[in-house]
Structures are given as structure tokens and as C-alpha cells.
Amino acid sequence: MPPLLEARGIVKSFGKVRALRGADFTVEHGEVVALVGDNGAGKSTLVKVLSGVEQPDAGEIRFEGEPVAIASPHAARDLGIETVYQDLALAAELDPASNLFLGRELYRGGVLGRLGFLDKRAMRREAGQTFGSLQVRIEDVGAPVATLSGGQRQGIAVSRAVRWASKVVFMDEPTAALGVVQTRNVLDLIRRVREQGLSVVLISHNMPEVLEVADRIEVLRLGERVAQFKRGDVTMEDIVGAMTGALGRAA
């Protein structure tokens, strides 16, 4: 079976800055793969290319073995790819259900729907089912997101991605700025996403977390993939060595 998502020789420049220099990356079916690298390694640019935010200057993207052009975030979503960005992209004044359906609202049937009346009851019901399936605890689903904790907001953002993704979810630094308990909840949430059959791409600087939840680790350095590891075959020193160049290349 071919990989679910594969980048081959991706090149991307911004003016004179060459962010990606022939980067490769592979996502297998039903796995958590961590994408790691030092600042400036090209992680964010590669994720933007694979999620349709940026277009590559050269290289190929393959999805389930077939070449594809991911021309926009909408094109990525059509393939079943969703992204949880570090800023979460939540509307703070709206409640969790409204955020889950943001841009994909459900409308009431008949004339009321044609007049633009939202079916808030249906959205809250489906949101509750999504939160429940992922064990995301939201005590007051009618409260504005701004009043919720950082861990709850992260859970809402992940739930939104999972609600609409059918293949893969990118998570950019999902535990940044969270406390110990909230971080544990997010790591457990990543496992539950994988258990639902989705692949997860985890972008993180936190090596203990990477080693805890990732099935595989791919390392970018200076815009290229320099190492691939399986979790059971690697140490933190190996990963850091690949990130800094001390280890050289490791397949």
C-alpha cells in the first residue's frame, strides 16, 4: 500500500530565502508521525505546502499514491486534510458548537433555512457527539470560547479538525503554553484521534512528548529531511543529533 501522503523534493523560496531545499516527507495510514527540526528547518513551510496555504516552487505531492496539486486549503480539505494551527483559529466570542461548524454551518429546513436561520440545536447535538467521542470535556457548551481554559480551547480546535478530516490531521505545537494536566489531556487526545483511524502529523519541539506519542519521527534540517526514526529504535540524543547535524543523515 502506498503512503497516505508523500512529499518528494519540495522546493520553496521566499525571495532570496530558500525555506525548503528538496524536502521529503511521508505520512503512513493510521499513524502519528512527528515532524521535528530546529527553528528555520522548514517545518512550518512544509506544513503550509501540504495543507494548501503555500504553493511549492518544485517537487511533487502524492496522495494515496497519486500525484496531486493542493492549490488551496479548500483543496486540502477536499482530500480529507485538516490543520490545527498554533493560534487555534477559534472565534473567541462564539460557543464551542459554533466554532466546530465555523464556515460549515447547518441551516434549518424549509423556508427558515433559505432565509439564513441556523439550526443551532442540530449543531450543538452533533458537537456534543464529537466532543464525547474524543472525550473532550466542555462543561458549558453555550459559553463563549474566550471563557474556557487553554486545554479546552485546544480540545475544541482538535475536535473541529477531526470532525471534518477523513484522512489526516496536522497539529502545530498543540501543547505549547499548556500546563501539565492540560498537556496530558492533549496527548491522550492525539492517541484517540489515531484510534479513530486518522493519521496525525505532530509538529513539536518537545522531544519527550514526541517520543511518547509518535510512531515515527522525521527530522528536517536546513530545508531537507535528514533522518527518519521509529519510536522504539531512537533516543532523544539521536533526534537532537540529527536536528543539529551532529548525527549526519539517518534513514
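T45 lies in helix α1 (residues 43–50). Helices here are DSSP runs of H or I with at least four residues, strands are runs of E with at least two, and both are numbered from the N terminus. With a relative accessible area of 12%, T45 is buried; the term buried stands for under 20% relative accessible area, exposed for over 50%, and partly exposed for what falls in between, with a 1.4 Å probe and protein chains only. Not counting residues up to four places away in sequence, T45 touches K12, F14, A19 and L20, where contact means heavy atoms within 4.5 Å.

The model is a predicted one, in which local features need pLDDT of at least 70 and side-chain atom pairs count only at pLDDT 80 or more, while totals for chains, interfaces and linings use all residues. Residues are numbered from 1 along each chain as its sequence is written, and side-chain values use heavy atoms, with hydrogens and water left out.

Helix α5 covers residues 120–133. From its first C-alpha to its last, α5 reaches 20 Å with 14 residues, close to the 20 Å expected at 1.5 Å a residue. The expected span is 1.5 Å times one less than the number of residues in the helix. A122, M123, A127, T130 and F131 are the buried residues named for α5. They lie on the same side of α5 because they cover an arc of only 165° around the axis, the arc being that of the directions from the helix axis to the C-beta atoms. On the face turned away from this buried side, α5 carries the exposed residues R121 and Q129. The cover over the buried residues of α5 includes α3 (96–100) and α6. After α5 comes Q135, with a positive phi near 55°.

Helix α7 (180–195) has 16 residues and reaches 23 Å from its first C-alpha to its last, close to the 22 Å expected at 1.5 Å a residue. Its buried residues are T183, V186, L187, L189, I190, R191, R192 and V193. G197 follows α7 and has a positive phi, near 95°.

**Pockets**

Rolling a probe the size of a water molecule over the atoms shows where empty space is left. On a 1 Å grid over the protein atoms alone, a pocket is an open set of points where a 1.4 Å probe fits, with protein on both sides within 12 Å along at least five of seven lines, and lining residues have an atom within 4 Å of a point. Grid points are joined across faces, edges and corners, and a volume is the space filled by probe spheres set on the points.

| Pocket | Volume | Lining residues | Nearest the centre |
|---|---|---|---|
| Largest | about 300 Å³ | 18 residues | R77, E82, T83, Y85 and R104 |

At least two lining residues of the largest pocket come from each of α2 (73–79), β6 (81–84) and α6 (150–164). β6 gives the largest share, four residues. By type, the lining of the largest pocket holds 11 nonpolar, three polar and four charged residues. Ala, Val, Leu, Ile, Met, Phe, Trp, Tyr, Cys and Pro count as nonpolar, Asp, Glu, Lys and Arg as charged, and the others, Gly among them, as polar.

For the second largest pocket, α6 and α7 each supply at least two residues of the lining. α7 gives the most, with six residues. This lining divides into three nonpolar, seven polar and three charged residues.

**Residues in loops**

L90 lies in the loop between β6 and α3. Leaving aside neighbours within four places in sequence, L90 is in contact with N99, V145, R153, I156, A157 and R160. L90 and V240 are 150 residues apart in sequence, and their C-alpha atoms are 33 Å apart in space.

E64 is not a glycine, yet its phi is positive, about 50°. E64 is placed in the loop between β4 (58–63) and β5 (66–68), and is partly exposed, with a relative accessible area of 34%. E173, in the loop between β7 and α7, also has a positive phi, about 45°, although it is not a glycine. At 13% relative accessibility, E173 counts as buried.
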